[in-house]
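Here is a short briefing on one protein model. Please look at the fold first, then read the points below.

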Amino acid sequence: MDEETRICPNCGRQVTGRADKRFCCSECKTMFHNRKYRLERKEIYRIDRILKKNRSIIDRLYINGERNIPFHRLYHLGFDFKYLTSFIADSCSTEACVFGCYDYTCAMSSDGRISIERAEPATPR
């Protein structure tokens, strides 16, 4: 019986052994799946870095006591308004738009000022 020649999708070497074996060795299998996972997660990691940078900017302002700042200050510090962890759409019909970045809530008033509030940490049960 002629066996079909199987090629390792990671390194291109011939695969021998069981009929359902896909990789020539366990190292190739690990490398293949790690590369695949890393490529799939690349965009998620990029967005997560932006969100963490946004939180860091807000955290720095909050710690320094700057809790009511002009919009342009937050923008010039590098805050990316395209990436938020929450946005309360109904609030924009009233006097302020409310958005969140992890444990911080920011309300932007009609005069362009942003007030920053921090959520209290949850108590363990």
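F23 and F32 are both buried. The model is predicted.

**Aromatic pairs and cluster**

- The structure holds seven aromatic pairs.
- F71 and Y75 form a stacked pair, because their planes lie at 15°, under the 30 degrees cut-off. The ring centres of F71 and Y75 are 6.3 Å apart.
- F71 and Y75 are four residues apart in helix 2 (residues 71-76), so about one helical turn separates them.
- F71 is partly exposed, because its relative accessible area is 31%, between the 20% and 50% limits.
- One aromatic cluster takes in F71, Y75, F79, F81 and F99.

**Charge over a ring**

- R67 places its charged end over the ring of Y62. The distance to the centre of that ring is 3.8 Å.

- Five strands make up an open sheet, in the order 3-7-6-5-4. Their pairing is antiparallel.
- Strand 3 (68-70) and strand 4 (86-88) are the edge strands. Each of these two pairs on one side only.
- From one strand to the next, the twist averages 25°.
- Six bridges join strand 5 (residues 96-101) to strand 6 (residues 104-109), in the antiparallel sense.
- F99, a member of the aromatic cluster, has C106 in strand 6 as its bridge partner.

**Helix 1 against the sheet**

- Helix 1 (residues 26-63) lies across strand 3, strand 5, strand 6 and strand 7 (113-118).
- Helix 1 runs at about 90° to strand 7.

- R118 lies in strand 7.
- Is R118 buried, exposed or partly exposed? R118 is partly exposed, because its relative accessible area of 37% falls between 20% and 50%.
- Which residues does R118 touch, leaving out those up to four places away in sequence? The contacts are R55, D59, Y62, D103 and Y104.
- One of these contacts, Y62, also carries the charged end of R67 over its ring.
- With D103, R118 makes a side-chain to side-chain polar contact at 3.1 Å.
- R118 and C106 are 12 residues apart in sequence. In space, C-alpha to C-alpha, R118 and C106 are 8.7 Å apart.

How values were computed
Residues are numbered from 1 along each chain as its sequence is written. This is a predicted model: local features need pLDDT of at least 70, side-chain atom pairs count only at pLDDT 80 or more; totals for chains, interfaces and linings use all residues. Side-chain values use heavy atoms; hydrogens and water are left out. Rings of Phe, Tyr and Trp (its six-membered ring) pair if their centres lie within 6.5 Å; planes under 30 degrees apart count as stacked, over 60 as edge-to-face and the rest as tilted. Buried means under 20% relative accessible area, exposed over 50%, partly exposed in between (1.4 Å probe, protein chains only). A charge sits over a ring if NZ of Lys or CZ of Arg is within 6 Å of the ring centre and within 35 degrees of the ring normal. Two strands pair if DSSP finds at least two bridges between them. Axes are lines fitted to C-alpha atoms, for helices over the stretch in contact, and angles run from 0 to 180 degrees between N-to-C directions. Contact means heavy atoms within 4.5 Å. A polar contact is a pair of N or O atoms within 3.5 Å; within protein, one must be able to donate a hydrogen and the other to accept it, and residues adjacent in sequence count only if both atoms are side-chain atoms.
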